[in-house]
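Morning, everyone. Here is the structure for today; have a look, then we will go through a few contacts.

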Amino acid sequence: MMMARSFMDLIWDYAVFVVFIIFSTLVPLWGRFFGKKEKTKADYVFGLGTISMGAMMLSIARGTLGVRSFLGYPSELFYRGSAMWETLYGMVTAYPVVCFIFIPVYFNLGVTSVYQYLDLRFNSRLVRCLASGTYIVRSLLNLGVTVYTPTVALNTVIGIPYWVSLIGISAISIGFNLLGGLKAAITADVIQGVTMILISLGIIIQAMVTVGGFDKIFTIPAEAGRLNFFNFTGDFTLRVDTTSAWLGQLFMSLSIFGCQQNFVQRYLSMSTFKEVRRTLMSNIPVVIVLFCLAWIVGMGVFSVYAACDPMQAGYINKMDEILPFFVEDKFSYLPGVLGIFMASLFNGALSLNVSNLNSLATVTWEDFLSHLPRFKGINDKQQLHVIKFIGSIYGVIVMGVGFSVGLLSGVIESSMLMTSATSGPLLGVFLLAMLVPIANWKGAACGMIVSHIITLWITFGSLTVSKEAILLPTTIEGCTNDTFSSGITKPTKSWLLTNTPLEVESEFSYFDTTPQTPATQGLGFPENLYSVSYMYYSLIGTFLTVAVGILVSMLTAHSDDAYDRKLLHPIAYHCSMIFPGKARRFITNPDIRPKDTEKAGVDQKKAPIEELERDNLGFDSVSQQSGVTVVSVDPIPPKPNEREVYRKRDIEAAH
């Protein structure tokens, strides 16, 4: 695809694009050069409590929705309708569950990686590594979608090949990762979030002016069948309806908000649990507003092009190009707006990539590499260098994943498929750990393995079932010489772009006004299972993990499965005490000493890692006198006459 307008026509947009990228990159890194530099791993990973609540809220909201929603939701509404809008129900439902079920359990454990909690609970390196590995795979797949998203806009508007944009985003991300930490990533999120809100409002206002009123932004899509809510079909093979949108997104969101390192890392950077709770609950209206804003943008774009679809008319080749095309078309009279739009997409992918690379590197170090003999005993500065190097490696891997995303059907489709397929086993093992007192490491490991095998079997099996990508009908009957601005022309091909990876052409075979027939008609097992909507994959994976985990735990129960009751959710613990039968035996882990978070001062700081003592498994532990929560999974010699001890060999010694 060649650029629709000449270089000289876009000179202001190019200038604004470059200036904005430089600004949004240098401001978060200002402290790196002129302020307090991160000297320890804690500085890099947590920001040492220097992040404001407002910045944290916007960062969490940005992480919840991402740049994919900014570009993907408008095209989703334009060509598929509002069914995916109802995933909002699941997101909103997940916030209080995470706040009152997940966060209280491990907020005071002092962990650096959330998966350390699983090691403490199940006393098993296998379970911890399975969970960490699941998170790493899922994050890499989702980041591939994230970095691919702005390449669509850049290719649509100015003809930059996908591979050039992917390499550019990845290279800057790696440099940012080497120079910044969590605080820098959150500052970039804030800049990006504010910019996207302003751009979205500008697009809505422009659409309102074009169609002649704010009410028409809603009435035109409604009359065209784009706004269809509360569609309870009972058909599990339908791509998305109200039931699958709510349940599917609920389980995906619980897995993301409650079990994913990059979110939990933000919670743990706050000083008190009260602050975390206030931030999460206050974030619900923020997420609702930002989520709905993206869909209203889509309604505005559709209302403008309702009578002349640019894709069917041949002006764009992919459905996700509709929003950048609108900005190029309708803001041609205002130099620089297109540049800000493109820079916002570019920077959005950049900031999300950086913050996730930070989390991925931290998990990989804490859960895998720190236990290898080669890395035992290295000092904190060396740990920080290793974590940054790991983040750089992941940056290259994410770029590779991004090259394959263009083969899938839209950024929302790609993101939902990748997230749903990997969410279930991760969420299931945390539910086992927090809410099922009888769960042991054998049940948790078996549950995750069985769930992974079956979920991946269904996922890859679904590729063998023919699923026609039928989009809602559009028209070009209203196209005139005045529909698009004078500088807009149909794209042509060059040799370079013809041979560019990910150039997926549209032959407009998606447009079909005939009704869909259920995918399972005439299909037997396992084809009917393969036809189940990917929205249910997270629910299926969670159920399998919990069910298999409970069954195996009951069959393999042993006295060695004892653990500290503080690793169980208080509600689950008290419920287990009122059940009939033999009382469960709990032990005391002397290294888990919750602090009084409600009385903790707002200015309370986390202890620098230089003050931490290293144990032989690479975890961080602090002396009793420091007053900081201690975490250690290594056996500690029992005190004289101590009745409760920790780990198997201590239990045997006690008998």
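**Salt bridges and a helix pair**

Asp 329 counts as buried, at 2% relative accessibility. Buried means under 20% relative accessible area, exposed means over 50%, and partly exposed is in between, with a 1.4 Å probe and protein chains only. Lys 330 is buried too, at 13%. The side chains of Asp 329 and Lys 330 meet in a salt bridge, 3.5 Å from N to O. That term requires a side-chain nitrogen of Lys or Arg within 4 Å of a carboxyl oxygen of Asp or Glu.

A word on the source. This is a predicted model: local features need pLDDT of at least 70, side-chain atom pairs count only at pLDDT 80 or more, and totals for chains, interfaces and linings use all residues. Residues are numbered from 1 along each chain as its sequence is written, and side-chain values use heavy atoms, leaving out hydrogens and water.

How many salt bridges does the rule give? The count is eight. One of them joins Arg 125 to Asp 119, with the closest N and O atoms 2.7 Å apart. Arg 125 is partly exposed, at 27% relative accessible area. Asp 119 is buried, at 2%.

Another links Glu 76 and Arg 80, at 3.9 Å, N to O. Glu 76 and Arg 80 are both buried. They sit four residues apart in helix H4, residues 53-80, about one turn of the helix. Helices here are DSSP runs of H or I, at least four residues, numbered from the N terminus.

Terms used:
Helix = DSSP H or I, 4+ residues; strand = E, 2+ residues; numbered from the N terminus.
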